[in-house]
Amino acid sequence: MPGTALLMRVVPALILIAGSVCFLSGVSQAADSVSHATVLDHTSVTYLSHCGGCHGIEGVSGSSFVPTLRNAVGGFACTDEGRAYLIRVPGVSMSLVRDDQTLADVMNFVMFRLAGTSLPQGFRPYTAAEIHAWRKEPLSVPDFMAQRGQTLGRSLAACAEKTAKKL
């Protein structure tokens, strides 16, 4: 029965090959079957995987100590202190996103896509050089929430002053 032993080896191999071909042909068609699916760019995926879990997919973190970004985070952008603060917070400065340009892209995504009505006119996008310099000095203060409030207060006052000068 030498032929039977050969068949016992060949038939499973042929079944495996045929199954693989069927599976792979289905994969090539899968993209077409979900034509309405959302396609995210690298920056959006980076935000979602590194920030969205706490700050929310749309920048709304809910009722927790984690700040909501939607229509709020732009308030920090009226002063250099506020701009630096956003990079120096531990969640950003010590982020697993180690490439400075990628982190600048994520922060610009946050500002241009999530800051909404809080983003001041003339906002300067973050640069990799700013990220590189500021993340070297992560914030370490005894009362983090007080520091946040003071920094935001000064930045919002600067925003109001700039708006008043334009009127």
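Colleague: Where does Ser 118 lie?

Modeller: Before I answer, please keep in mind that this is a predicted model. Ser 118 lies in the loop between α6 and α7, the latter being residues 128–134.

Colleague: Is Ser 118 called buried or exposed, and what makes it so?

Modeller: The relative accessible area of Ser 118 is 17%, and the word buried is used for values under 20%, so Ser 118 is called buried.

Colleague: Which backbone atoms lie within reach of a polar contact with the side chain of Ser 118?

Modeller: The limit for such a contact is 3.5 Å between N or O atoms. The backbone nitrogen of Ala 72 lies 3.2 Å from a polar atom of the Ser 118 side chain, and the backbone oxygen of Ala 115 lies 2.7 Å from a polar atom of that side chain.

Colleague: Turning to the rings, why is the pair of Tyr 47 and Phe 109 called what it is?

Modeller: A search of the whole structure finds six aromatic pairs. In the pair of Tyr 47 and Phe 109, the ring centres are 5.3 Å apart and the planes stand at 40°; pairing asks for centres within 6.5 Å, and planes under 30 degrees apart would be stacked while those over 60 would be edge-to-face, so this pair is tilted.

Colleague: How do you know that this pair ties together parts that are apart in sequence?

Modeller: Tyr 47 belongs to helix α2 and Phe 109 to helix α6, residues 100–114, so the pair ties together parts that are 62 residues apart in sequence. Tyr 47 is buried, with a relative accessible area of 0%, and Phe 109, at 12%, also counts as buried.

Colleague: What makes the pair of Phe 76 and Tyr 85 stacked?

Modeller: The ring centres of Phe 76 and Tyr 85 are 5.1 Å apart and their planes are at 10°, and since planes under 30 degrees apart count as stacked, the pair takes that name. Phe 76 counts as buried at 3% relative accessibility, and Tyr 85 counts as buried at 5%.

Colleague: How do you know that Glu 58 and Arg 70 form a salt bridge?

Modeller: The closest N and O atoms of Glu 58 and Arg 70 are 2.8 Å apart, and the cut-off for a salt bridge is 4 Å, so the pair qualifies. By this rule the count comes to seven salt bridges.

Colleague: What can be said of the salt bridge between Asp 80 and Arg 124?

Modeller: Here the closest N and O atoms are 3.1 Å apart. Asp 80 lies in helix α4 and Arg 124 in the loop between α6 and α7, so the pair ties together parts that are 44 residues apart in sequence.

Colleague: Why is Asp 80 called exposed, and why is Arg 124 called partly exposed?

Modeller: Asp 80 has a relative accessibility of 52%, and exposed means over 50%, so Asp 80 counts as exposed. Arg 124 has 44%, which falls between the limits of 20% and 50%, so Arg 124 counts as partly exposed.

Colleague: Which residues form the nonpolar patch on the surface?

Modeller: Leu 40, Val 45, Leu 48 and Ile 57 form that patch, with about 340 Å² of accessible area together. Leu 48 is found in helix α2, residues 42–50, and is partly exposed, with a relative accessible area of 30%.

Note on methods:
Residues numbered from 1 in each chain as written. Predicted model: local features only at pLDDT ≥ 70, side-chain atom pairs only at ≥ 80, totals over all residues. Heavy atoms only, no water. Patch = residues over 30% accessible without salt bridge, like charges linked within 9 Å, V, L, I, M, F, W, Y side chains within 5 Å. Areas by Shrake-Rupley, 256 points an atom, 1.4 Å probe, with all protein chains shown as cover. Salt bridge = Lys/Arg side-chain N within 4 Å of Asp/Glu carboxyl O. Helix = DSSP H or I, 4+ residues; strand = E, 2+ residues; numbered from the N terminus. Buried < 20%, exposed > 50% of the residue type's maximum accessible area, 1.4 Å probe, protein only. Polar contact = N/O pair within 3.5 Å; in protein donor to acceptor, adjacent residues only side chain to side chain.
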